[in-house]
Amino acid sequence: MMTNGVVHANVFGIKDWVSPYKISVLALLYEMTSSKITLPERRRLNKLILPLQQGPDLTLGQFLKTVEECCPKTAYAVKLRSMADGELKDMEYFFSTLPTPFTAFDSEAYKTSVVGLFMRHMLLAYNKLSFSQVYKLYKSLQHYYHSHYDTVGDRADKEELDTPLHESELRRGPLSQKQAEYFLSRQAYLLKNDENKALRPAALQEELNNMLKFNPDFAEAHYLNYLNSMRVQDIFLSAHSLLHYFDRLILSSNEGKSNGDEGYGRSLRYAALNLASLHCRFGHYQQADLALQEAIRIAQESNDHVCLQHCLSWLYTLEHMKGSESTVLTQDSVKMAAHFCLPYLGSLDIQSLVQQGAMQGKAAHKLMDALKDTEILHWKHSLSELIEISLAQTTSIWRMYGKSTMALQQAQLLLNMSSLEPVNFGVHQNNTEAFAVALCHLAELHAEQGLYSATAEIFQHLKEQFPPHTQHSKLWMLCNLKIQFERHMNNRKYHLAEPLVKAMSALNKTEGLYRKAQVLKALNRSTEAYSILQQLQVHCEKTKCTEIIIRVMLSTAELHWESSSFSTALPLLLQALALARQHHLQSLASEGVLHLAFTQLMLGIPGQALTVLHEAMEPILAHGAVIDKGRAMLLAARCHMAVAGFRLKEQALAVDGLNEAESYFSRLSCKERLRDVHYLQAQLHRSLGQTAQSNKSAMNFRLLDQELQSPAPPVFMQL
């Protein structure tokens with residue numbers, strides 16, 4: 001049988017066969033062993049040999065380009081022309097002159113070396129060919145050579161050279177056993193550590209289909225097919241490939257035992273466990289529960305404590321995803337993992353326990369103490385992946401608690417950390433989910449300080465490292481949409497914010513609903529906004545999403561402001577403030593204090609509003625966003641103006657507050673809010689008899705009002 005110039009016997013019946021590409025590799029190795037090459041070039045070639053031998057066949061143009069990037073002189077010396085333009089006896093002569101692995105003691109072709117083993121395999125495979133197969137191999141070598149150097153071939157090859165090497169791995173013929181194993185291990189590693197460098201989902205699917213066409217019982221190919229289907233959220237193909245993988249695994253020779261740790265029973269219980277995790281990821285909780293119970297039953301029958309521990313971990317995960325209380329299960333899982341000396345599972349259990357504690361409102365120092373214990377496990381067992389997850393989770397916890405400085409420190413620590421794992425396939429361990437989470441937090445922190453150019457650079461990097469077809473791209477897409485939305489809302493450009501709501505809803509329904517309510521409220525469609533907020537609050541109370549519940553309460557209070565029902569808003573604000581403090585959510589607590597102080601100002605008690613506002617001023621100035629700092633200073637200035645009367649000290653404080661608010665809003669280019677500040681400055685300077693300053697502020701107000709060409713909302717009716 002011959003396909004694409006590859007002469008072979010049964011698929012995977014032999015470990016290797018001869019192809020025109022492998023003759024090119026042999027020519028390179030022959031040149032390497034017979035000629036004098038400088039030491040740096042030899043070192044570079046030694047690194048290149050194994051990928052060339054184990055990787056898929058390349059066109060001659062791609063092969064020469066790869067070698068030329070490493071050693072230009074050696075690439076020029078690789079000669080196939082004498083064989084391709086000669087006769088069949090020239091190819092025979094080439095194989096007869098190859099160094100014999102048993103005699104080449106002083107060269108790279110010695111029998112125990114990588115080069116020697118490869119040459120021996122090729123010689124054995126070549127010697128087993130019949131005359132007709134040798135003739136077909138020779139003709140395919142001629143075609144392989146001339147398709148590169150002919151005029152028509154040059155144009156085609158140029159297109160091939162312009163494509164990335166990992167995209168050029170696609171082929172129509174079968175792979176040898178070593179090539180298939182190398183391809184599968186490489187793609188699986190890249191999917192885990194650097195999905196951007198792996199083949200695209202459609203291209204990988206095509207290659208796997210081609211591989212399974214020649215060998216339908218190749219279990220590892222079915223598993224990689226399962227991983228690839230998970231990337232694109234294809235539930236049908238994922239389940240289909242997963243079941244086929246375990247079917248082939250059970251029937252393979254390695255699964256000959258009827259029961260035990262390495263036999264038939266082990267495959268059955270782990271098949272059920274993997275099926276449960278699959279349904280859990282897709283939100284099919286009933287099917288996941290049934291599969292999990294089946295895995296537990298089989299594991300109990302086999303007395304497999306490790307499998308039972310995995311089942312317990314997925315059981316509390318499933319209960320947590322369903323919205324049920326799972327803390328007790330998680331604590332039991334931590335104890336059992338420690339008992340059976342399973343550090344990886346134990347660490348994941350502690351991470352999950354910390355996450356649950358954060359959602360339940362535990363104090364930050366208790367959570368950090370628990371994470372400190374996991375760090376000892378990570379460094380003791382060199383669990384690099386879990387170190388990354390731990391740092392990403394710590395960053396998220398500090399962000400949730402409103403400590404932006406600590407979140408920034410943890411994010412930078414993760415991004416500058418060197419991996420403990422060996423670097424394979426050119427992966428630098430910076431394209432995992434943990435790094436995507438850290439970069440998203442970093443982008444949000446920069447955007448909050450008005451550094452939008454730096455934010456754009458971060459998102460450009462995220463787009464390059466996590467393209468839209470990768471599974472972690474949704475993280476930065478949603479983050480980018482939220483930043484754009486907040487920026488447009490702060491600038492009161494509601495017509496630009498409204499189209500972003502649909503895109504956010506596609507990525508996260510809860511965030512999309514909340515943003516939709518914000519836009520409707522800004523457009524004075526209060527009834528629709530109120531209806532959505534009530535619907536969202538009911539949903540979040542079921543899912544125990546405290547942050548959104550507090551934000552919904554604050555937005556509902558703002559709806560009451562629009563109808564001048566400030567007293568009606570007070571109970572909602574007090575409830576939201578109590579909930580934020582109970583869960584130690586400092587940023588939301590500060591936001592609640594701002595709303596409460598504004599309500600008190602509107603109710604005619606500015607002195608009490610100032611007292612309340614001073615409580616939130618320090619955390620806002622230390623950790624808050626620039627827009628919040630500006631709003632806080634503007635509100636403080638208005639309170640000072642309200643209580644000032646003829647007291648010069650209060651009037652001076654109001655002037656300072658307005659000037660500081662102006663600097664914050666200028667940093668964000670919030671022209672609508674700057675217009676409000678200039679209006680208040682003009683009034684205040686006029687009351688102080690400062691005519692020049694008053695006229696300057698009035699002129700600034702007039703210029704901005706003409707530029708915006710939109711009616712200014714009543715400055716005293718908004719925060």
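1. Glutamate 672 is buried, at a relative accessible area of 9% (buried means under 20% relative accessible area, exposed over 50%, and partly exposed in between, with a 1.4 Å probe and protein chains only). The model is predicted, so local features need pLDDT of at least 70 and side-chain atom pairs count only at pLDDT 80 or more, while totals for chains, interfaces and linings use all residues. Residues are numbered from 1 along each chain as its sequence is written, and side-chain values use heavy atoms, with hydrogens and water left out.

2. The side chain of glutamate 672 meets that of arginine 492 in a salt bridge, 3.6 Å from N to O (a salt bridge is a side-chain nitrogen of Lys or Arg within 4 Å of a carboxyl oxygen of Asp or Glu). Arginine 492 lies in the loop between α24 (473-490) and α25 (494-507) and glutamate 672 in helix α34 (residues 671-687), so the pair ties together parts 180 residues apart in sequence. Helices are DSSP runs (H or I, at least four residues), numbered from the N terminus. Arginine 492 is also buried, with a relative accessible area of 11%.

3. This pair belongs to a network of salt bridges that links Arg492, Glu672, Arg675, Asp676 and Asp705. The count of salt bridges by this rule is 25.

4. Glutamate 448 and arginine 399 form another salt bridge, 3.1 Å from N to O. The two are 49 residues apart and link distant parts of the chain, with glutamate 448 in helix α22 (residues 433-448) and arginine 399 in helix α20 (residues 384-400). Arginine 399 is buried at 18% relative accessibility, whereas glutamate 448 is partly exposed at 25%.

5. Glutamate 87 and lysine 89 also form a salt bridge, with the closest N and O atoms 4.0 Å apart. Glutamate 87 is partly exposed at 47% relative accessibility, and lysine 89 is exposed at 57%.

6. Helices α10 (residues 177-193) and α11 (residues 201-214) pack at about 150°, their axes 12 Å apart. That makes α10 roughly antiparallel to α11 (angles over 145 degrees count as roughly antiparallel). Axes are lines fitted to C-alpha atoms over the stretch in contact, and angles run from 0 to 180 degrees between N-to-C directions.

7. From α10, Ala180, Phe183, Leu184, Gln187 and Leu191 make the contact, and from α11, Leu204, Glu207, Leu208 and Met211 (contact means heavy atoms within 4.5 Å). These residues divide into seven nonpolar, one polar and one charged.

Conventions. Parallel < 35°, antiparallel > 145°, perpendicular 65-115°, else oblique. Nonpolar A, V, L, I, M, F, W, Y, C, P; charged D, E, K, R; others polar.
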